[in-house]
Amino acid sequence: GGGGGDGGGGGSGNGEDDDEPSKDPSSIYVWLDVLALPQQYHGGASTPEGPIFGPPQGYIDTQEVRDVVINCDHGTVFVLDRTMAILGRTWPLYEVWLAAYYSPHENGFSRVYAAIPKDIHVDMLLHLQITCQAGLDLARTTSSKPEDKQHIMTEVRNASGLKRMQGIISDSILRATRGWLRWSGEPQDMGLYAALMLQSKEYAQLQFVLN
């Protein structure tokens, strides 16, 4: 998770903010990353291990991240949002790849699971499906620190190869998403699953599910 900002904001003399409209409290979310790992940086401009003061330089050491993901016996969960941000971010796709490539289930399926909020629309899921079927390209993703992306791409290239990774993460994300919709037990999710199959023209699978 990321965060930051410059602390508390100001306001007018009457205690209200005249510049920004009030927000619905139900639309505000706070991410508490209680299991965050210390971010160890390698390299930098001022010393071999990075600067003593100021923002960190170099790339984040991925060894600890890799060890944690591989040793999570129950797998890795990714959370979808309305923008499907996971499809364009380097770190989430890297962690999906770690879970799928290094610690698959005995039956060959990856230990990657989806969590889908209730405000997701079928058009968003269809976009995710089409994007995954076309293949997720790590080179087209972004990270807050470009050095992280380059380091991750080098690691993947030396391990499985970028092309194989593309297939692994695309299949894992799509399989996990459809698995959540099919087996969550929520009527809304089953409705989304049926709508997704209908728009995908998977009529035989849709009839099987409805029966």
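The model is predicted, so local features are reported only at pLDDT of at least 70 and side-chain atom pairs only at pLDDT 80 or more, while totals for chains, interfaces and linings use all residues. Numbering starts from 1 along each chain as its sequence is written, and side-chain values rest on heavy atoms, with hydrogens and water left out.

Seven helices and four strands make up the protein, where helices (H or I, at least four residues) and strands (E, at least two) are DSSP runs numbered from the N terminus. Read from the N terminus, the order of elements is β-β-α-β-α-β-α-α-α-α-α. Of the 211 residues, 34% count as buried; here buried means under 20% relative accessible area, exposed over 50%, and partly exposed in between, with a 1.4 Å probe and protein chains only.

Helix 5 is a handy element to look at for its geometry. With 22 residues (162-183) at 1.5 Å a residue, helix 5 should span 32 Å, and its end C-alpha atoms lie 31 Å apart, which agrees; the expected span is 1.5 Å times one less than the number of residues. The buried residues of helix 5 include Met165, Ile168, Ile169, Ile173, Leu174, Leu181 and Arg182. An α-helix has 3.6 residues a turn, so residues three or four places apart point the same way. Arg182 also lies over the face of Trp183, at 4.1 Å from the ring centre; the criterion is NZ of Lys or CZ of Arg within 6 Å of the ring centre and within 35 degrees of the ring normal. Gly185 follows helix 5 and has a positive phi, near 90°.

Turning to charged pairs, the count comes to five salt bridges, each defined as a side-chain nitrogen of Lys or Arg within 4 Å of a carboxyl oxygen of Asp or Glu. One of them joins Arg66 and Glu155, with the closest N and O atoms 2.6 Å apart. This pair links distant parts of the chain, as Arg66 sits in helix 1 (residues 63-70) and Glu155 in helix 4 (residues 146-159), 89 residues apart. Both Arg66 and Glu155 are buried. Another salt bridge connects Asp137 with Arg140 at 3.6 Å between the closest N and O atoms; Asp137 counts as partly exposed at 30% relative accessibility, and Arg140 as exposed at 71%. Glu147 and Lys145 form a further bridge, at 3.9 Å. In this pair, Glu147 is partly exposed at 35%, whereas Lys145 is buried at 16%.

The aromatic side chains give five pairs, counted when the ring centres of Phe, Tyr or Trp (its six-membered ring) lie within 6.5 Å; planes under 30 degrees apart are stacked, over 60 edge-to-face, and the rest tilted. Among them, Tyr101 and Tyr102 are edge-to-face, at 4.9 Å centre to centre and 80° between the planes. Tyr101 is partly exposed at 24% relative accessibility, and Tyr102 is partly exposed at 34%. Together with Trp91, Tyr94 and Trp97, these two tyrosines form one aromatic cluster.

Finally, Val77, Val79 and Tyr113 make a nonpolar surface patch of about 270 Å². Patch members have over 30% relative accessible area and no salt bridge, with like charges joined within 9 Å and nonpolar side chains (Val, Leu, Ile, Met, Phe, Trp, Tyr) within 5 Å; areas come from the Shrake-Rupley method with a 1.4 Å probe, and for residues only the protein chains shown count as cover.
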